[in-house]
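Let's take a walk through this structure together, starting at the ligand and moving on to open space in the protein.

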Amino acid sequence: MSASATSVSHLRCEYLIDPEGIDETSPRLSWRLESDRRGARQMAYRIRVAGSRDALTSGSHLRWDSGRVESDRTTHVPYVGEKLQSRDRCSWTVEVWDETGASVTSAPAGWTMGLLKSADWSAKWIAADPEIIRRDPQAMAPTLTQPGTPSIFRRGFELVGAVRRATVYASARGVFELRANGRRVGNDLFAPEWTDYQKRIHYRTYDVTALLKAGINQFQATLGDGWWSGFVGWQESRARYGSLENSLVLQLEIELTTGERLTVGTDSDWRCTTGPILASDFMMGEQYDARRERLLGDSSNSRWLRAVEVAAPAVALVSQRSEPVRMTDTITPTAVDEVSPGVFIFNLGQNIAGWVRLQLKNVPTGTRLVLRHGERLNPDGTLYTENLRRAKATDTYIAKGAALETFEPHFTFHGFQYVELSGYPGTPPAGTVTGCVVQSATPPAGHFECSHPGVNRLWLNGVWSQRDNFLSVPTDCPQRDERLGWTGDAQVFLRTASYNSDVAAFFTKWMTDVEDAQTTDGIFPDVAPRVPEGKNFVGLDELCGAAGWADAGIIVPWTIWRVYGDQRIIERHWPSMVAWMNYLERTNPDGLRTRDLRNNYGDWLCIPTDTTFRTNSPMKDLLATAYWADDAAKMARMARVLGRQDEAVRFESMFERVRAAFQREFVRADGQLAVEAQTAYVIALTFDLLPEAVRARAAKRLVADIRGLDWHLSTGFIGISHLNPALTLSGNAEVAYRLLLQETYPSWLYPVLHGATTIWERWNGWTHQDGFFNPQMNSFNHYSLGSVGEWLFRHVAGIEIDPEVSGFRRFVLKPFIGRGLQFARASYRTMHGEIESHWQRAGERLTWQVRVPANTTAWIYIPSENGSMVSTDGLPLLGREGEFAICEAPAGRYEFQSTILDETTNQARALGRSGQ
Ligand code: BGC
């Protein structure tokens with residue numbers, strides 16, 4: 001195919017590639033046009049869907065034929081064909097016509113439907129007979145304070161002919177690993193993952209056709225605790241959902257080549273026993289005795305007891321709609337040190353979430369190897385584990401004495417860069433320890449690089465903290481006894497996350513957790529999924545309603561719509577968002593959000609840090625009111641998109657009312673705010689809460705505050721993502737660059753220069769002066785303060801959402817060239833294809849290459865001195881805006897050249913403008 005020809009790729013159904021077992025009866029289909037031809041675009045499309053590839057090829061029996069639709073739309077086209085039923089299989093293609101009149105048809109893609117009705121489940125829920133524990137002298141019964149021994153379930157069955165198709169549907173209260181005839185089913189981990197188990201439980205669907213055979217087959221499931229009955233959060237006890245009993249349902253549906261169909265479902269004919277895993281818990285780690293693997297070979301009835309049928313959960317089983325957790329990487333240690341005789345510490349060179357793969361050769365049977373995990377080392381070179389709090393993060397492996405044995409734990413994960421191995425006989429050879437990275441497998445989307453190695457590492461640290469914390473839900477940290485879906489952290493980081501990876505499906509799933517956790521009064525949560533109250537745990541009553549946290553209920557749907565053009569997420573959550581807005585209005589009739597703020601975290605971990613809970617302060621009142629106003633503004637805009645004009649008017653006037661109250665209470669005529677804090681100014685500017693007349697003065701005060709701190713930042717979680725964008729958009733890009741490149745504490749680069757490989761929870765997690773901060777709250781892997789990633793893409797590389805058009809169908813390219821960087825280069829894979837922006841300066845000369853994907857257009861803002869020559873690569877110049885020349889670019893690759901001020905003049909001028 002010639003370089004300029006159009007091709008169609010990336011066919012996706014509900015954001016996923018060829019998903020198995022979906023519940024969505026009107027799934028949305030998306031595809032991408034690929035071409036570097038200038039102006040490449042789609043004029044029309046035709047979708048065909050059939051029940052099989054053959055039917056699709058022959059064109060007979062189509063379930064849906066959209067016919068030729070004159071449209072440039074390539075995303076979120078809802079399926080409106082024949083009604084979809086449980087187990088349906090769909091193959092589809094899209095044919096597109098481009099602007100040259102040529103047409104091209106995609107390769108086929110597919111999806112299958114899951115079990116849509118509870119009546120589709122004939123299998124019974126089963127649990128292990130507690131007798132298996134009593135009969136096994138080594139096994140441990142679960143208690144509220146200690147994980148028990150995972151159970152193993154098994155069923156043999158005979159197939160009288162070859163298999164045409166076999167599908168297994170499985171769910172659990174607990175987490176499972178499945179095997180068919182000894183081979184692992186799927187490659188996902190911790191299935192069926194975390195939801196609010198009091199509202200819904202996931203099931204998963206796997207095609208196991210290739211794993212079964214004619215004759216005797218055996219299906220096996222290992223069932224661990226996971227979030228259902230294991231330690232969750234910082235409680236001393238387990239069983240947050242009221243039960244220590246794990247249970248499983250599994251339905252294997254088989255079609256033979258003879259046409260015969262049979263179902264093998266869990267019931268009391270399944271057998272259960274204990275195996276080599278003696279205990280496994282997310283926080284505590286795993287104990288594995290490889291010598292016990294042989295127990296599984298003993299098929300006597302005294303070891304394998306009948307499983308016990310238990311009541312099915314009262315809640316719905318739903319298909320998981322996001323990418324599963326998987327192992328996505330392995331890491332070879334960069335160094336190993338024997339810190340005391342027989343105790344070795346391996347440095348992975350990278351803080352990860354996951355575990356260690358242990359590889360042993362000819363280690364004597366019964367050798368007990370202990371792996372402890374930590375993020376940092378103490379000054380004496382030993383493992384620093386104090387900040388893990390109650391998480392033991394210890395895996396123990398007892399060797400069976402084979403020539404080669406390999407161990408990876410099953411139902412645990414740790415947050416660590418260093419691993420301590422003890423018990424190894426002699427010196428472990430290279431290859432003994434490998435780091436395994438485990439995360440929700442959100443597809444990578446963006447890459448950023450510039451001339452400053454520290455900034456590159458900073459960006460990468462954000463990427464790693466995202467990988468390490470997006471594990472089923474967006475968690476705060478992967479290492480200590482917490483790992484909860486804190487809504488504030490997630491909303492602050494969401495835009496950054498969306499540049500790094502495709503997080504559409506991940507957040508679509510999580511937004512359901514957020515809604516599930518909403519109270520009947522309409523209050524959105526501080527953590528989702530909800531973690532029911534227990535001893536030593538702040539319960540839901542308080543874990544909701546905090547400003548900047550609970551507002552995620554509005555910010556998440558808003559952002560997913562803006563970034564991915566997804567209207568359905570707004571539609572689906574509209575009633576719950578309105579309930580939240582009603583709650584805010586009801587509680588705060590005067591337009592100031594000062595009441596019922598519950599835990600009220602404020603600008604969490606700002607400097608100086610205020611971690612007092614449950615109190616009001618002018619700063620907290622200001623932030624809460626600002627967030628309310630912004631919620632209202634977003635709701636008004638979303639209401640218009642949905643065609644809900646009356647509600648749009650309601651929220652527009654709510655915004656005006658709250659904004660007026662904000663101004664009365666917090667803004668002085670000279671632009672000074674009632675609270676002199678960077679975050680206060682940043683938020684007021686970003687959320688458009690200031691009278692036009694004082695905006696510039698407020699921005700000046702913000703800069704003055706930064707200058708007063710000798711060009712240092714002081715924002716916490718809430719201000720941080722908006723800090724550099726607010727500076728840039730108020731004409732102070734040079735100040736933003738200065739903060740970016742600041743090396744002394746507190747700054748983004750300070751941790752980088754001290755070896756950070758992920759983003760730290762707090763600016764002072766470790767300092768020269770004081771060493772480690774108090775271990776009670778000192779994670780080295782919290783992404784919030786890394787939300788500067790958003791600014792690197794939006795304003796340094798200049799890849800920005802169009803103010804009018806969502807989903808990057810049209811977008812803005814507008815880099816702000818700042819002091820200290822010689823080049824910046826970013827690529828970003830949108831729903832429509834890859835945007836690229838690469839600028840480099842040589843003195844006053846700027847060269848800028850961009851790529852506008854097929855079927856999109858971009859507003860191009862070329863940084864250039866007013867009056868200087870700008871070369872626009874053939875695009876007509878439409879005008880100027882300050883220091884930018886403006887063009888509009890259809891799809892294609894372009895190179896622009898212009899003259900900009902050299903660094904020194906630029907800086908002098910910029911700082912002059914900011915009031916120096
Ligand atoms: C978590 C945070 C969270 C905060 C609420 C902490 O314990 O780690 O990231 O947002 O509590 O203040």
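In this predicted model, a polar side-chain atom of Asp476 sits 2.7 Å from an oxygen atom of the ligand, a polar contact being a pair of N or O atoms within 3.5 Å. The side chain of Arg480 also places an N or O atom 2.7 Å from a ligand oxygen, and for Trp549 that distance is 3.0 Å. The protein covers 96% of the 310 Å² of accessible area that the ligand has on its own (Shrake-Rupley method, 1.4 Å probe).

Residues are numbered from 1 along each chain as its sequence is written. Local features need pLDDT of at least 70, side-chain atom pairs count only at pLDDT 80 or more, and totals for chains, interfaces and linings use all residues, while side-chain values use heavy atoms, without hydrogens and water.

Who else is around the ligand? The residues with a heavy atom within 4 Å include Glu482, Trp486, Tyr601 and His782. By class, this shell has 5 nonpolar, 1 polar and 5 charged residues (Asp, Glu, Lys and Arg count as charged; Ala, Val, Leu, Ile, Met, Phe, Trp, Tyr, Cys and Pro as nonpolar; the others as polar).

Now for the pockets (on a 1 Å grid with a 1.4 Å probe, open sets of points with protein on both sides within 12 Å along at least five of seven lines; lining residues have an atom within 4 Å of a point). The largest pocket holds about 1400 Å³ of space, and Trp558 and Arg794 are among the residues nearest its centre. Its lining has 18 nonpolar, 7 polar and 13 charged residues.

Definitions and conventions:
Grid points are joined across faces, edges and corners, and a volume is the space filled by probe spheres set on the points. A polar contact is a pair of N or O atoms within 3.5 Å; within protein, one must be able to donate a hydrogen and the other to accept it, and residues adjacent in sequence count only if both atoms are side-chain atoms.
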